[in-house]
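Keep the 3D view open as you read.

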Amino acid sequence: YLVTDEKIALMERIVDRQLQSLPDLYGLRDEVSVYIGIPFCPTKCAYCTFPAYDINGRQGSVNGFLHGLHEEIRVIGKWLRDNGVRITTVYFGGGTPTSITAEEMDALYAEMYASFPDVGGIRELTVEAGRPDTITPEKLDVLKKWNIHRISINPQSYIQETLDAIGRHHTVEETIEKFQLARSSGMRNINMDLIIGLPGEGPDEFAHTLAETEKLLPESLTVHTLSFKRASEMTQHKDEEKYRVAARDEIGRMMADAVDWTERHGYAPYYLYRQKNILGNLENVGYALPGMDSLYNILIIEEMQTIVGLGCGATSKWVDPVTGAMTRLANPKEPKAYIDTYRKYIDLKLEALEIWNASRKESVGMV
């Protein structure tokens, strides 16, 4: 398959680590995980193609979206309870889920606790707080109140000129301040994302970002390699000077530096995925300190378990418990389209869950 020995060794190491974190990884087909998509951000990053709409001036859309999302959570949660289906992990993504207000977050998590079966038994509850400019003491209090296990605070880079160029309207200092604020609020499982190959950055700039990360030492670190996604602003204007990126050999050096840095600081790789048009033909790798791997990240990448997607742009991935065959169902990405059609997609999910449950009962009978 033309895979190098180096990459084979990396993948074998990841598999070993995953089975330490999830010894029952290959036996979780009778449970589900849940992804909840919040499609709003303070601004849209130049490299992004996720469902991410500027929250400013969209309160009508926010209110309508949240009304539909609460209904999705209630109906799907009731089905899971009535059919005795356990939830392994829940992941709030987006967009930036902390773009909504603290009061809206509080009501949303209250709905989750009221609707989902045995929330206290869910192994991992993650909320992406990726944009530091969305984090407030009040929102951290809400996360603590509802026992959110894990959050992400994503610097992407510690070079201010880079952040300005890619449309991340926060400062380097704000990233550090909000990380420390989360620590002081009691958060003990924080992830950070870094991106190799952002415009204008080479090995020296990336070395600075790693040095700044060393001062904080989050529990996990996802090292992305920049991908030119077809619909992103960066891809549409990649010939412009402000979006010039490093050469292939420099990208490789930055990845090697990341691998060396994680090894020296006690992080081990635990999941990996690739994207189209990724610089240097490389990959995105998640690293974590011992016992701090994201269970949801393992499950979504390994595709061993059904993921029920709720909210804007959320894709449900149905894994047949008997055959392992997978089918998908995607919710609309745009808030207005979601508001207009969420009841239709609830019905489609209920139909898919019934089919999945019939196969689940068959697999139990086979055992």
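The paragraphs below follow some of the helices and then turn to the loops. Please bear in mind that this is a predicted model.

With 17 residues at 1.5 Å a residue, α1 should span 24 Å, and its end C-alpha atoms are 25 Å apart, which agrees. Which residues of α1 are buried? They are Leu10, Ile14, Arg17 and Gln18. An α-helix has 3.6 residues a turn, so residues three or four places apart point the same way. Looking down the axis of α1, you will find its buried residues within an arc of 100 degrees, so they line one face of the helix. That set packs against β9 (268-273), β10 (284-288) and α10 (295-302).

Next, find His70 in helix α2, which covers residues 59-82. His70 has a relative accessible area of 15%, and because burial means under 20%, this residue counts as buried. Setting aside neighbours within four places in sequence, the contacts of His70 are Ala107, Leu108 and Glu111.

Now for a pair of helices. Two packed helices are described by the angle between their axes and the distance between the axes. For α3 (residues 102-115) and α4 (residues 137-145), the axes come within 9 Å and cross at roughly 10 degrees. Angles under 35 degrees count as roughly parallel, and α3 and α4 are therefore roughly parallel to each other. On the α3 side, the contact is made by Ala102, Met105, Asp106 and Tyr109, while α4 contributes Glu138, Lys139, Val142, Leu143 and Lys145. Sorted by class, this contact of α3 with α4 has 5 nonpolar and 4 charged residues, with no polar ones.

Helix α4 turns up again around α6. The buried residues of α6 are Val172, Glu174, Thr175, Lys178, Phe179, Ala182 and Arg183, and what covers them includes α4, β6 (150-152), α5 (160-166) and β7. From first C-alpha to last, the 13 residues of α6 reach 19 Å, close to the 18 Å expected at 1.5 Å a residue. After α6 comes Gly186, with a positive phi near 110 degrees.

Finally, let's look at the backbone. Most residues other than glycine have a negative phi, and most peptide bonds are trans. Where does this model depart from that pattern? The peptide bond from Gly94 to Gly95 is cis, with omega near 15 degrees, and Gly95 sits in the loop between β4 (87-94) and α3. Asp118, not a glycine, has a positive phi of about 45 degrees. You will find Asp118 in the loop between α3 and β5 (124-128), partly exposed at 45% relative accessible area. Gln156 also has a positive phi, near 65 degrees, and lies in the loop between β6 and α5. Gln156 is buried, at 6% relative accessibility.

How values were computed: Residues numbered from 1 in each chain as written. Predicted model: local features only at pLDDT ≥ 70, side-chain atom pairs only at ≥ 80, totals over all residues. Heavy atoms only, no water. Axes fitted to C-alpha atoms, helices over the stretch in contact; angles between N-to-C directions. Helix = DSSP H or I, 4+ residues; strand = E, 2+ residues; numbered from the N terminus. Parallel < 35°, antiparallel > 145°, perpendicular 65-115°, else oblique. Contact = heavy atoms within 4.5 Å. Nonpolar A, V, L, I, M, F, W, Y, C, P; charged D, E, K, R; others polar. Expected span 1.5 Å × (residues − 1). Buried < 20%, exposed > 50% of the residue type's maximum accessible area, 1.4 Å probe, protein only. Arc of directions from axis to C-beta.
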